[in-house]
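This report concerns one protein structure and is meant to be read beside its sequence and model. Please examine both before continuing.

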Amino acid sequence: MSETVLVLGASPKPERYSFKAVQLLSEYGHKVLPVNPYHAEVGGVNCVAAIAAVSEKVDTVTVYVRAELLKNDLDQLIRLAPRRVIFNPGTESDEMAEQLEQAGIAVEEACTLVLLRTGQY
């Protein structure tokens, strides 16, 4: 099943996991919305500058920013109301996960790349 996926903290650097996630999600047939206020595109996919700039329904948000950076966007993320949020390794936050779950958003602590490659996405 194809999803619309927001990649929060997408990087244009090919060695970064967030760049690899944009590519792999696209390869698996998902619509990818990279979020990066400093770059126009990541891996050939046009970026949106912020969560608030997203007007379409998003199924999954995969997080590649540190918790202290995400804290500033948490209200926008809750308003976006994705079905789930994936905290990739190094981005976990029990406090934010609890707030998301209280808003009815499922939370996973996992690696998006591993989920895709092992058929668990």
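The largest pocket has a volume of about 680 Å³. Its lining consists of 29 residues, and those closest to the pocket centre are Leu8, Gly9, Ala10, Tyr64 and Val65. By residue class, the lining comprises 16 nonpolar, nine polar and four charged residues. The model described here is predicted.

Strand S6 covers residues 84–87. The strand pairings that involve S6 are set out below.

| Strand pair | Sense | Bridges | A bridge pair |
|---|---|---|---|
| S5 (residues 60–63) and S6 | parallel | four | Val61 and Val85 |
| S6 and S7 (residues 106–109) | parallel | four | Phe87 and Glu109 |

In which directions do the residues of S6 point? Arg84 and Ile86 point one way from the strand, whereas Val85 and Phe87 point the other way. In a regular strand the side chains alternate between the two faces of the sheet. Arg84, Val85, Ile86 and Phe87 are all buried. Two of these residues also take part in the bridges: Val85 is the partner of Val61, and Phe87 is the partner of Glu109 in S7.

Arg84 has a further contact, with an aromatic ring. The charged end of Arg84 sits over the ring of Tyr121, at 4.4 Å from the ring centre. As for pairs formed between aromatic rings themselves, the count is zero under the rule that ring centres must lie within 6.5 Å.

Terms used. Residues are numbered from 1 along each chain as its sequence is written. This is a predicted model: local features need pLDDT of at least 70, side-chain atom pairs count only at pLDDT 80 or more; totals for chains, interfaces and linings use all residues. Side-chain values use heavy atoms; hydrogens and water are left out. On a 1 Å grid over the protein atoms alone, a cavity is a set of points where a 1.4 Å probe fits but cannot get out, and a pocket is an open set with protein on both sides within 12 Å along at least five of seven lines; lining residues have an atom within 4 Å of a point. Grid points are joined across faces, edges and corners, and a volume is the space filled by probe spheres set on the points. Ala, Val, Leu, Ile, Met, Phe, Trp, Tyr, Cys and Pro count as nonpolar, Asp, Glu, Lys and Arg as charged, and the others, Gly among them, as polar. Rings of Phe, Tyr and Trp (its six-membered ring) pair if their centres lie within 6.5 Å; planes under 30 degrees apart count as stacked, over 60 as edge-to-face and the rest as tilted. A charge sits over a ring if NZ of Lys or CZ of Arg is within 6 Å of the ring centre and within 35 degrees of the ring normal. Buried means under 20% relative accessible area, exposed over 50%, partly exposed in between (1.4 Å probe, protein chains only). Helices (H or I, at least four residues) and strands (E, at least two) are DSSP runs, numbered from the N terminus. Two strands pair if DSSP finds at least two bridges between them.
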